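Colleague: Before I use any of the terms, I would like to know what stands behind them. Could you take me through a few?

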Amino acid sequence: MVQGAPVAHIRNNPDVCFVAPMPARVARISLLQGHKVSEIVFFHEPDGDVVSHDTTDVKTEPGLRRLMQRSGFWTWLRRRPFGGMPSADERPAAIVVMAADTRPFAPDPRLALEGREEALCRGLTALRLLTDGPVFLCQEAGAALIESTEARRIRVIDTGPRHPQAAAGLCIHRYYPAGIDTPVWDLHAEDVAALGTLLATGRLPMKRLVSVGGPALRESRLVRAQAGADLRGLTHRHVLPGPHKLLSGSVLDGHPAHWLAPRHRQVTVLPRDTLPKRPHWLIAALTQSASPKPVIPTAALDQAFAGTLPAANFLRVLSAGDDETAMKMGVLSLLEEDIALADYVLGGEAHLPELLRGMLDRIRTEFSA
Amino acid sequence: MNRGLWTRETVVMLLLAAYLPLALFWLWFGGIADVHRYALVLLVLAIWQLVFLLARAQPVSLSAVFTALAIAMLVPEDLGAFRLILGISFGAVMGELVFGGWGRNVVNPATVTLSFLGFGFPALPWPDILVPVAWAAIPTALIGLITGAMPAGVVLGAALGAGVAVPLGLLPSSTLPAAGVVLVLLVADPVTSATTSLGRWLNGLLYLALVILFANGWSGAAPVQLAVAAALLTSLAAPVLDEIALMIWYAERRRRHGRD
């Protein structure tokens, strides 16, 4: 396989391709029941080539869409509500480009974009073809990432420096809430710069800036790696001795994994906690017998939503499963990673991400049929 | 450990730290009778918590410590042990424990107890809040606000409103000590006050408005009595205030985004 060669496509949309992230040989393909692809593992081939795409037709929307889908860029997009990749012919009501990341140990997007401002501008200009609505660029306060003259329809938004002020869902909730008929796409600014490079050269850069950090490392570091990189390879020789676990994503919203997940830009290495000792039965009865625990509305909880939502009322609606009120409050703009901080703040006992996923699945079956 | 700390018992701990100055000043200026009363209230609350732990598997909470403080500080004098125990049992069980314990209650159990005893035995005298004890409510409110355990809008709304009302002559300054202590003990409770930010300001202002109304229109009422009555009505109105704040928020979002 050369880098960028399609290895799989969606069955009823042959244009939407998954491509090889590097010059490689296919090592293993594992399938789930019903011949669903679970994973395709590649071995790196040192002297491989890169696929060059035809970029003559990208000034029109169909041409741009086809290029994005064939080059594998389409799989980097994420839509709200409900999350996941947008369907091939979906037209978003707005596109939000995140050039800010406030999660703990997250790589600084400004570092990733250094020297690629021109590509970012080209990518943003191309994204304007895909939507009638606005294109937002969320950046941390500071020098502007793009010249304002180059981007007339692009709205630049300054976000705060504390998590979750630059969580994509909360920015979307504040500036352009997603609805069932008005999907909003969000993607990372580094990916937009990659799109700009693709449009200029015909070759899609696959590497992204990934931070490897966490308390079980000797030192944290920044690497450039492909999505799907082996986490053990990224942390080899850098972990402290002793048992540890590897998370793809941040400590708040990450999950134990073997490979770097598609939209993640950080790897967290935590010491593996030993199994907690079972408390005495009387202590357990005194403290753990009622579940779920009540949520006390404090200033910490309001801060966990960056003040964009009435936090206590939203959590009450979420745990009661009141879909219609939650939609009024803006649940359709949110995904699990946006309320991960609230879950953390409440001690992980409220299981908010699971509640949110259940509610979103229910809304999808009931309202968007 | 990668878990946050803002569980129920953390909030209780922070509130305990906040109420510490108030409790110390009250005990310092009170007598041994106050200590006895506090111990009795705490004992009754502890017994009811134990009953609900055994019968309903409801975890116990240290919140009983500051509920007991509020009851012991503000309860009418000369009640006698039997009526005191009756009132506390009613307040703790019907105000808090039947709803699932502290954090799920809709009214403050101390407010219920005090209203029950106050309306049930109207002839008994209400306690006076000494001025030094009332000053101790200020560090209490500060600790509560800085840690975020007390709702800022409620305390600030009532305090700033009082700062306007007293110079205008609307609120007699003799009611201020009682109103302030009741504000930090009963009204600025994170669970039973309003939860939206606008609702919290409305909550504080409503409490102040009721205190002004009662102070001017309820002849013969003791300062503590009218403040407790205002606290009860305010906590009953808190969900309405939240609903108003949410309706305004929905309307604002609809105006800005053109849809929900």
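**Terms and values**

Modeller: In S2(A), A:Val19 is the bridge partner of A:Pro6. The model is predicted, so local features need pLDDT of at least 70 and side-chain atom pairs pLDDT 80 or more, while totals for chains, interfaces and linings use all residues. Residues are numbered from 1 along each chain, chains are lettered from A, and side-chain values use heavy atoms, without hydrogens and water.

Colleague: Why are strands S1 and S2 of chain A called paired?

Modeller: Pairing asks for at least two bridges found by DSSP, a strand being a DSSP run (E) of at least two residues. S1 (residues 6-10) and S2 (residues 13-19) of chain A run antiparallel with four bridges, so they count as paired. A hairpin of two residues joins S1(A) to S2(A).

Colleague: What makes B:Arg200 and A:Asp302 a salt bridge?

Modeller: The rule wants a side-chain nitrogen of Lys or Arg within 4 Å of a carboxyl oxygen of Asp or Glu. The closest N and O atoms of B:Arg200 and A:Asp302 are 3.2 Å apart, therefore the pair qualifies. The count between chain A and chain B is one salt bridge.

Colleague: How many residues are in the contact, and what area is buried?

Modeller: With contact meaning heavy atoms within 4.5 Å, chain A gives 38 residues and chain B 33. The buried area, which is the accessible area (1.4 Å probe) lost on putting the two parts together, summed over both, is about 2,900 Å². Carbon and sulfur atoms give 58% of that area. In chain A, A:Pro294, A:Ile296 and A:Lys328 lose the most area to chain B, together 21% of what that side buries.
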